[in-house]
Amino acid sequence: MDIIDESIVRIDPLPGSLHKDMRGKLAMLRLDLLHPIISGNKWYKLKYSMEAARQRHLDTLLSFGGAWSNHLIALAAAAKQHHLRSVGMVRGLQGHALTPVLRHCKELGMELHFLSRAEYDLKEDAGFIDQLQNRYGPFYLVPEGGANEQGRQGAEDIASLIPTEYTHVCISVGTGTTMAGLRSALAPGVQLLGFAPMKGGAYLAETILPYLKTGHTANWRIFDRWHLGGFGKYNEELIAFMNEFYTDTGVPLDLVYTGKMMMAVSALLEIGYFPNGAQVLCIHTGGLTGNASIAERLRFPTPGLSNLP
Ligand SMILES: *Cc1c(COP(=O)(O)O)cnc(C)c1O
């Protein structure tokens, strides 16, 4: 049984003022509307892992993430909805106060375990995973960021929400799981543009390439210029951009991924990157809970965290 209602996802046209020189169309696929916390691509990346866990009669999901992880909080909420136990292995927060995201994970029933960066680097080590099995009992392991075959399979479902008229699809990239699934499932001729929110994100092309299906290896690229200093880093310009974008469109963006992506897309529009007649679809991958760190500076609410102490 799916508690998330995927039919709620819709495509919103974005106002012409954003793309005045492009004789075409600009729109946004609103995956952020799915759920305030299990939002965006995270639901798609998790759903088949939950199914696989159930098939193997495992009632615990264990995964890895940082202190502001959209993935861990989505997993905590999805596990709770599906009556599964969740365990979150958190990178490098020993001795520090919980972030709002981790506090919320805990409220959702997730058991948190803090790892040093060195321990965290063992996240794919079979011996380390065995130790965790001894400690937590049998679990279904969801890799950091939901980066597994089930994640890519779920991302392929996103492609079926995209009408064929679109010539360009824009997506923000973290692990590359969503982009790999999308590239494999979109029509080969559609241009897929990925936007990396971290420094040196060009490496993602190598991560993604091995997972592309035959016949779907062309017409995609990664832009890594709009990182603003690194993953999770931001500046005044980004906050102003997010506030303006909300005023112009009614769409709230997140600080880490979609804010930077739309800043980049708007820069590409400005330099005439898209050809005349282009039909550009930007995917809103959610992640709005991450805005908790700058909530008071935004003109729109941060979902899911308002009920925190
Ligand atoms: C996790 C996340 C991404 C990145 O997804 P990947 O599949 O890891 O590339 C993009 N946008 C948002 C809002 C996210 O939370």
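Which residues is Ile162 in contact with, leaving aside its neighbours within four places in sequence?

**View 1. Ile162 and its contacts in the predicted model.** Once the neighbours within four places in sequence are set aside, Ile162 is in contact with Leu29, Val169, Leu182, Leu186, Leu281 and Ile283.

**View 2. The largest nonpolar core.** This core holds 58 residues, and those that touch the most other members are Leu61, Cys105, Ile162, Leu182 and Ile283. Helix α2 supplies the largest share of this core, with eight residues. Apart from it lies another core, of 33 residues, which includes Ile239, Leu253, Val256 and Leu269. In soluble globular proteins, nonpolar side chains tend to be buried together.

**View 3. Helices α2 and α3 packed against each other.** Helix α2, residues 70-81, and helix α3, residues 100-107, pack at an angle of about 15°, and their axes are 9 Å apart. Because angles under 35 degrees count as roughly parallel, α2 is described as roughly parallel to α3. The crossing in which α2 passes α3 is left-handed. On the side of α2, Leu72, Ile73 and Ala76 take part in the contact, and they meet Val101, His104 and Cys105 in α3. Of the residues in this contact, five are nonpolar, one is polar and none is charged.

**View 4. Cys105 in helix α3.** Cys105 has a relative accessibility of 0%, and therefore counts as buried. Leaving aside the neighbours within four places in sequence, Cys105 is in contact with Leu72, Ile73, Ala76, Met110 and Leu112. Between Cys105 and Ala240, which are 135 residues apart in sequence, the distance in space is 29 Å, taken from C-alpha to C-alpha.

Terms used
Residues are numbered from 1 along each chain as its sequence is written. This is a predicted model: local features need pLDDT of at least 70, side-chain atom pairs count only at pLDDT 80 or more; totals for chains, interfaces and linings use all residues. Side-chain values use heavy atoms; hydrogens and water are left out. Axes are lines fitted to C-alpha atoms, for helices over the stretch in contact, and angles run from 0 to 180 degrees between N-to-C directions. Helices (H or I, at least four residues) and strands (E, at least two) are DSSP runs, numbered from the N terminus. Angles under 35 degrees count as roughly parallel, over 145 as roughly antiparallel, 65 to 115 as roughly perpendicular and the rest as oblique. A crossing is left-handed if the near helix is turned anticlockwise from the far one by less than a right angle, and right-handed if clockwise. Contact means heavy atoms within 4.5 Å. Ala, Val, Leu, Ile, Met, Phe, Trp, Tyr, Cys and Pro count as nonpolar, Asp, Glu, Lys and Arg as charged, and the others, Gly among them, as polar. A nonpolar core is a set of buried Ala, Val, Leu, Ile, Met, Phe, Trp, Tyr and Cys residues joined through side-chain atoms within 4.5 Å. Buried means under 20% relative accessible area, exposed over 50%, partly exposed in between (1.4 Å probe, protein chains only).
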